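Hello,

Here is the structure I promised to pass on.

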Amino acid sequence: MSARPPYLRVRRLRSALAASCATLLLATAGCSFGEPAPDPAGEPPTFPTPSASASADGTGPEVVTTVLAKGLRVPWGIAFLPDGAALVTERDSGRILQVGPGSGPDGLTVRPVQTIGDVAAAGEGGLLGIAVSPAYQRDRTVFVYYTAERDNRIAKLRLGEPPTPILTGIPKAGIHNGGGLAFGPDGQLYASTGDAGDRAASQDVKRLGGKILRITPAGKPAPGNPFRNSPVWSLGHRNVQGMAWDAGKRMYAVEFGQNTWDEINQVTKGKNYGWPQVEGRSDDARFINPVTQWPTSDASCSGLAAADRLLVTACLRGKRLWLVELTATGTVLGQPRELLTGRFGRLRAVAAAPDGSLWVSTSNHDGRGDPAPEDDRLLRLVFSGGGAGRS
């Protein structure tokens, strides 16, 4: 059946999500939960029966979880269209899927809209990040980050048309290909690259590996970049896959460590984040310390989303979400809380939907998981006690 796009009243709903999460993180008792009631904007889509869970220690938020789609294969990136539908990349197949806005009793409708033919998927490489142009209603443009035969590259396209590469020569390997792609509040396109197994590249500003890049929609170095005629925005990264901006327009990135610490960093123009000299926090003044860190066994996080002052990161090896509350100045408030630990297996992408809910993808078919019959899945999370996720 078709459904009204469930994505109205965006600003109010995002605020409600962050406020309810912040309250629940400090709560000592659970709240009621369930599908939000309809409001005058219209009925919610017909989703399957949701289920609820709480943080591992029982003191964190309860969350209503709905399975939106099943049977995907390594969904990697999620980006939303103006009508509320999501574009989802599959790493190994090279497909772009459109999820919604229509829905039925088994979840949202899923249909392939394009396959990127020159994707050379292997190891951690393939069709990775995706971003929708801020001017999509006018230019109909989508951007993708993918592994080709000789490099990782960024391309733009209109759905159904061949992609046009706008930045090539990003190093590729079986590991550490980066792949994050997102438009910042400044309208520029940010991309995260991995060191591709070459540690020295991360500290060399003339090389694209181990960096966060900032480019124009045409693929040129963006005005105001810290290094002359360079797309490099920050350096000293090992393998960033998730990026997000908080309500104060501060940028954050989640970083895979080697075998000791995984990190969330606040990313600032021209700064050095220390890899390979340091992993996690250090006393070396040349490098920026993470705002929070976890042992790799509890994290290995890929995706990152922000809802006002809340950061949410989805973890592969850790098989959980971490929720990090921020202060008004961008520092961490209290201790991070874990959610969904071990319930759905490896979690990769997390994205803030226009209605204020969170969408999360599993990654149990990536060669390192234990797939369930319904994997891989897209999940929708609505925190209890707030209005987030209402139609």
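This is a predicted model: local features need pLDDT of at least 70, side-chain atom pairs count only at pLDDT 80 or more; totals for chains, interfaces and linings use all residues.

Residues are numbered from 1 along each chain as its sequence is written, and side-chain values use heavy atoms, with hydrogens and water left out.

The search ran on a 1 Å grid over the protein atoms alone. A cavity is a set of points where a 1.4 Å probe fits but cannot get out. A pocket is an open set with protein on both sides within 12 Å along at least five of seven lines. Lining residues have an atom within 4 Å of a point. Points are joined across faces, edges and corners, and a volume is the space filled by probe spheres set on them.

The whole structure has 1 cavity of 30 Å³ or more. The largest cavity has a volume of about 60 Å³. Its lining includes Arg238, Glu255, Phe256, Trp261, Glu263, Tyr273 and Trp275. By class, that lining has 5 nonpolar, 2 polar and 4 charged residues. Here Ala, Val, Leu, Ile, Met, Phe, Trp, Tyr, Cys and Pro count as nonpolar, Asp, Glu, Lys and Arg as charged, and the others, Gly among them, as polar.

The second largest pocket holds about 330 Å³ of space. It is lined by 20 residues. Nearest its centre lie Glu124, Phe256, Leu316, Arg346 and Arg368. The lining divides into 3 nonpolar, 8 polar and 9 charged residues.

**Disulfide**

There is 1 disulfide (a pair of cysteine sulfur atoms within 2.5 Å). Cysteine 301 and cysteine 315 form it, with sulfur atoms 2.1 Å apart. The S-S torsion is about 65°, so the disulfide is right-handed. Cysteine 301 lies in strand S19 (residues 301–307) and cysteine 315 in strand S20 (residues 310–315), so the bond ties together parts that are 14 residues apart in sequence. Strands (E, at least two residues) are DSSP runs, numbered from the N terminus. Both cysteine 301 and cysteine 315 are buried. Buried means under 20% relative accessible area, exposed over 50%, and partly exposed in between (1.4 Å probe, protein chains only).

**Salt bridges**

The count is 16 salt bridges (a side-chain nitrogen of Lys or Arg within 4 Å of a carboxyl oxygen of Asp or Glu). Among them:

- Aspartate 151 pairs with arginine 153, closest N and O atoms 3.0 Å apart. Both residues are buried.
- Arginine 250 pairs with aspartate 246 at 2.9 Å. Aspartate 246 is buried, at 8% relative accessible area.
- Arginine 286 pairs with aspartate 284 at 2.7 Å. Arginine 286 is exposed at 57%, and aspartate 284 is partly exposed at 24%.

**Backbone**

A cis peptide bond joins glycine 100 and proline 101, with omega about 5°. Proline 101 sits in strand S5 (residues 95–104). A cis peptide bond also joins tryptophan 275 and proline 276, again with omega about 5°. Proline 276 is in the loop between strand S17 (261–267) and strand S18 (292–295).

Which non-glycine residue has a positive phi near 65°? That is leucine 340. It is found in the loop between strand S22 (337–339) and strand S23 (347–352), and counts as buried at 3% relative accessibility. Alanine 196 also has a positive phi, near 55°.

Best wishes

Terms used. Helices (H or I, at least four residues) and strands (E, at least two) are DSSP runs, numbered from the N terminus.
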